[in-house]
Amino acid sequence: MEPQRSPLLEVKGNTELKRPLIKASSRLPLPGSRLKRGPDQMEDALEPEKKRTRGLGAATKIATSRSRASVLTTVPHTQGPTASQKVPRKIGPPCSTAIATGVKNQKPVPAVPAQKSGTLAAPPMVGGKKPSKRPAWDLKGQLCDLNADLKRYRERTQTLDQENQQLQDQLREAQQQAKALGTECRTLEGELARVRAQAEQGQQELENLSAHVLDLEERLGTQESLVQELQKEQLELQEERRGLATQLEEQEKRLQVSEAALSSSQAEVASLQQEVEAQAALLSERGERLHGLEMERRRLHNQLQELKGNIRVFCRVRPVLPGESTPPPGFLLFPPGPGGPSDPPTHLSLSRSDERRGTLSGAPAPTTRHDFSFDRVFPPGSGQDEVFEEIAMLVQSALDGYPVCIFAYGQTGSGKTFTMEGGPGGDPQLEGLIPRALRHLFSIAQEMGGQGWTYSFVASYVEIYNETVRDLLATGTRKGQGGECEIRRAGPGSEELTVTNARYVPVSCEKEVEALLHLARQNRAVARTAQNERSSRSHSVFQLQISGEHAARGLQCGAPLSLVDLAGSERLDPGLALGPGERERLRETQAINSSLSTLGLVIMALSNKESHVPYRNSKLTYLLQNSLGGSAKMLMFVNISPLEENISESLNSLRFASKVNQCIIGTAQANKK
């Protein structure tokens with residue numbers, strides 16, 4: 001394929017090729033020329049002389065124009081492009097330029113040599129001389145001359161006709177070429193406009209590309225700096241890779257060593273798995289044995305508690321407080337047990353001089369000695385930990401499903417609240433039975449969790465003041481309101497008792513128990529009495545409902561642990577003058593003594609196996625009904641004062657405790673499902 005030429009180059013080439021034809025237009029016949037006349041017209045012109053002269057003039061003019069045409073035709077060939085450049089050219093419309101260009105492309109017609117003017121009528125020369133004019137009488141000679149001229153003119157006319165025909169053919173070709181060139185010119189003009197538009201678009205694209213190039217150069221600079229950084233990082237990574245390769249080799253060596261050790265370990269694991277299976281079978285067997293032993297432990301533990309008595313009485317003597325008078329020697333004695341001084345004391349002797357039995361001679365009155373025997377006696381020097389150690393096994397019976405109830409009984413100021421709740425200040429050595437018992441239960445429950453047992457604990461704390469039940473854990477607007485709390489059965493046919501509108505708080509740690517005790521201590525009813533500056537005037541009952549479950553064996557057990565701090569027991573003085581405050585204290589004392597008497601009657605009725613037990617005679621015994629019956633274990637602390645001035649109240653408390661200690665309640669039964 002030929003390469004495509006630019007439209008501008010094609011236009012320039014056509015212009016150069018067609019340029020010589022511009023001057024050939026002089027060959028075209030002039031309008032109105034008389035050369036087109038025929039032979040007949042020429043003959044008519046010969047008659048008059050004027051016509052001959054006119055014909056000769058026309059011939060001369062034609063010869064002159066022909067000679068000029070030949071000269072103009074030969075000019076382009078001699079001068080070439082240089083001569084054409086010297087001629088000023090007018091810039092005309094594109095069509096005229098195309099026509100002129102088309103005329104230039106025509107081949108020049110060879111010029112016919114013309115004779116000089118005046119030779120047409122000249123006679124032939126004879127002997128090199130001009131012939132003389134014929135005489136007027138030589139008509140024949142003149143006719144011959146005219147015929148010769150006519151013949152010559154006819155030949156000349158034919159020649160001119162041929163030239164005219166050629167020029168007309170050239171004119172038609174030139175017109176056709178001009179038309180084609182006009183079409184081509186319009187096409188080129190459209191193409192030129194398109195090329196100009198393309199040029200402008202190319203210029204715009206060039207500017208855009210220039211801006212893009214600048215942007216690319218800027219980005220290239222950034223990329224080069226980034227490449228340098230990456231190359232630097234690559235060097236660092238290569239160095240790190242070499243280090244990692246070294247580490248990899250070391251790790252592979254270690255892996256080989258580990259694989260060797262693994263293969264040996266797998267063999268050991270296989271043997272250990274066999275041992276584990278054997279141990280699992282042995283563990284299952286021992287688990288069964290452990291469960292059997294646990295059941296046997298519970299049975300023996302319960303049997304031991306029964307041998308000690310389902311209702312036991314401990315006596316505790318508080319120490320002398322600062323500011324109190326020291327009792328005389330021999331006032332309180334603690335005889336050693338049957339095994340000697342190493343055995344814990346179980347007897348108490350209280351000496352009293354009877355002033356009414358004094359002699360008239362003034363001799364001192366004889367001393368009366370009162371001896372009492374209990375399951376355990378704690379002298380004034382006994383600590384809280386020693387007291388709890390004695391009842392820890394009884395507290396554990398509650399986890400085994402046996403209802404347990406522990407009382408603190410005694411006159412005002414004998415140390416009942418100290419025994420149950422502990423002393424102020426948060427001293428661990430002074431903690432009472434309630435926080436120690438719950439800590440012990442939480443610890444045992446955690447140990448039992450390894451054997452499949454799970455336990456939950458729910459605590460409540462109420463007081464009974466003037467036969468009205470109050471919630472000691474109440475907060476907000478319910479604080480101090482006792483009318484809303486009533487003792488009801490948990491449901492139809494249920495033996496479990498509950499206190500309506502009282503808070504039952506789940507506990508799982510010691511801090512929660514301490515918070516409950518602190519709140520109850522603030523809400524409890526206290527007052528000043530003749531025996532104590534700050535005396536508790538109500539019975540406080542702390543109950544912990546324990547629920548245990550062994551999911552694997554489908555075993556369940558539940559029992560309440562009741563820790564009761566009874567109100568102070570004092571006898572009424574009939575001769576005491578009563579004011580408004582004393583009357584209120586009198587009503588409190590009457591209510592307290594009435595409930596304590598009912599408690600003694602209930603215990604006696606249970607001991608005597610009576611058909612009717614007066615639980616409902618007191619709110620205290622009604623609330624503790626499930627913790628006092630034949631399936632329960634009871635323990636009573638009788639607290640006495642070491643002061644001689646309180647000997648009457650101490651003897652009353654010791655006598656009441658001795659009666660309780662003589663009671664025997666039936667065999668306790670665990671609450672299991």
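Asp-169 is partly exposed, with a relative accessible area of 27%; here buried means under 20% relative accessible area, exposed means over 50%, and partly exposed lies in between, computed with a 1.4 Å probe on protein chains only. The structure is a predicted model, in which local features need pLDDT of at least 70 and side-chain atom pairs count only at pLDDT 80 or more, while totals for chains, interfaces and linings use all residues. Residues are numbered from 1 along each chain as its sequence is written, and side-chain values use heavy atoms, with hydrogens and water left out.

The partner of Asp-169 is Arg-172, and the two form a salt bridge whose closest N and O atoms are 2.0 Å apart. A salt bridge is defined as a side-chain nitrogen of Lys or Arg within 4 Å of a carboxyl oxygen of Asp or Glu. Arg-172 is likewise partly exposed, at a relative accessible area of 40%. Both residues belong to helix α6 (residues 139-308), where they sit three residues apart, about one turn of the helix. Helices (H or I, at least four residues) and strands (E, at least two) are DSSP runs, numbered from the N terminus.

Across the whole structure, a search finds 14 salt bridges. Arg-134, Asp-138 and Asp-145 are linked in a network of such bridges. Another salt bridge joins Glu-421 to Arg-521, at 3.5 Å from N to O. Glu-421 lies in helix α8 (residues 416-421) and Arg-521 in helix α10 (residues 510-523), so this pair ties together parts that are 100 residues apart in sequence. Glu-421 counts as buried at 8% relative accessibility, whereas Arg-521 counts as partly exposed at 38%.

A further salt bridge connects Arg-318 with Glu-324, with 3.0 Å between the closest N and O atoms. Arg-318 is buried, at 11%, and Glu-324 is partly exposed, at 24%.

Gln-411 counts as buried, at 1% relative accessibility, and Ser-414 counts as buried at 1%. The backbone oxygen of Gln-411 lies 2.8 Å from a polar atom of the Ser-414 side chain.

An unreviewed UniProt entry places the feature "binding site" at several positions, including Gln-411 and Ser-414. UniProt positions follow the numbering used here, feature names are shortened, and annotations may be inferred rather than shown by experiment.

Methods: A polar contact is a pair of N or O atoms within 3.5 Å; within protein, one must be able to donate a hydrogen and the other to accept it, and residues adjacent in sequence count only if both atoms are side-chain atoms.
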